[in-house]
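Biologist: Please show me the model. I would like to go through its terms one by one.

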Amino acid sequence: MTALRYVYAVCRPLTAPLQAELRGVAGAPARQLEHHGMIAVVSQVPDSDFSEEALRTRLEDMDWLTATARAHQNVIDALTGVTTPLPLRMATVFRDDSAVRVMMEKREDAFRHALDRLDGRVEWGVKIFMENADGEGGGDGGEDTGARTGSAAPKAMSGRDYLRQRRMRTTAREEQWQKVEEFARRLHESLSAQAEDSRLHAPQNPQLSGAAGRNVLNAAYLVPRARSEEFVTLVDRTKDDTPGIRVELTGPWAAYSFTGLAEESAGEPT
């Protein structure tokens, strides 16, 4: 069985060895591969799973994909605790150590620039959701009105009553949406002032994410480690400011959104 090199991230040399028990994709131990004063954190994976042809099939297997993503993130999280890693895309693989070094040499200037800019910084994610938004679009029995008031909506006695209830529901949703948008705008401005940089991502699709409510803000913030506690406190103070709004904070992460690196291909496995 041929072993390929799975690359998790590029970073500066670590001051201590990687954890002996740190396991990556396919349960393989992670190790450091040095080149020109930088290291790639890699592990060996079988070409039966990670060759170009095999990956096309594997990426359609949700169980395999979930396990691989979790193992990949486990290595990135371990690195984030001790250094500033530049994460590469999941399933970035190369034929051997030499091919990894070639990649590092080709991108050396970009890697060094990103490492200098991101040193000592982490990424925090903030999402804002409009709750009770699942009835958006209107039902015929006033379900979302009842959900907001905690009681059943009155049954329409006529066509005129039905239309009036529809208008009331639409107006209530529009007013709530305006409140949520204004809340998200103010919070984003406050958090951006505390961060060194920020990125606005597309709102999450609830059918894919499984999150309740409608995603209004999906943002990432680049924050120095030394100011992270202050940043988290600022988010926490806003969580209960407005009824019907949910604020979620995630992190600290490696600075995925701020590396400035173009997407890398999956390498040269064949």
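Modeller: A search of the whole structure finds four aromatic pairs. The model is predicted: local features need pLDDT of at least 70, side-chain atom pairs count only at pLDDT 80 or more, and totals for chains, interfaces and linings use all residues. Residues are numbered from 1 along each chain as its sequence is written, and side-chain values use heavy atoms, with hydrogens and water left out.

Biologist: Why is the pair of Phe50 and Trp64 called tilted?

Modeller: Rings of Phe, Tyr and Trp (its six-membered ring) pair if their centres lie within 6.5 Å; planes under 30 degrees apart count as stacked, over 60 as edge-to-face and the rest as tilted. The centres of Phe50 and Trp64 are 5.4 Å apart and their planes stand at 50°, so this pair is tilted.

Biologist: Which helices does the pair link?

Modeller: Phe50 is in helix α1 (residues 47-50) and Trp64 in helix α3, 14 residues apart. Helices here are DSSP runs of H or I with at least four residues, strands are runs of E with at least two, and both are numbered from the N terminus.

Biologist: How do you know whether Phe50 is buried or exposed?

Modeller: Buried means under 20% relative accessible area, exposed over 50%, partly exposed in between (1.4 Å probe, protein chains only). Phe50 has 1%, so it counts as buried. Trp64 has 12%, so Trp64 is buried too.

Biologist: What makes Tyr221 and Phe231 a tilted pair?

Modeller: Their ring centres are 5.5 Å apart and their planes at 50°, so the pair is tilted. Tyr221 lies in strand β8 and Phe231 in helix α9, so the pair ties together parts 10 residues apart in sequence. Tyr221 is buried at 0%, and Phe231 is buried at 1%.

Biologist: Which residues form one aromatic cluster?

Modeller: Tyr6, Tyr8, Phe50 and Trp64 do.

Biologist: What makes the largest nonpolar core a core, and which residues have the most contacts inside it?

Modeller: A nonpolar core is a set of buried Ala, Val, Leu, Ile, Met, Phe, Trp, Tyr and Cys residues joined through side-chain atoms within 4.5 Å. The largest one has 24 residues, and Tyr8, Val41 and Phe50 have the most contacts inside it. β1 (3-11), β3 (38-46) and α3 (62-80) each supply at least two of its residues. The largest share, six residues, comes from α3.

Biologist: Why are β7 and β9 said to stand at the edges?

Modeller: Two strands pair if DSSP finds at least two bridges between them. The open sheet of four strands runs β7-β8-β6-β9, with antiparallel pairing. β7 (197-200) and β9 (245-253) each have a single partner strand, so one side of each is left without a neighbour in the sheet.

Biologist: How many bridges pair β7 with β8?

Modeller: Four, in the antiparallel sense, with β8 covering residues 214-224.

Biologist: Which residues of α5 are buried?

Modeller: In helix α5 (residues 108-118) they are Glu108, Phe111, Ala114, Leu115 and Leu118. They cover an arc of only 135° around the axis, which puts them on the same side of α5. That arc is taken from the directions from the helix axis to the C-beta atoms.

Biologist: What does the face of α5 turned away from its buried side carry?

Modeller: The exposed residues Asp109, His113 and Asp116. Gly120 follows α5, with a positive phi near 75°.
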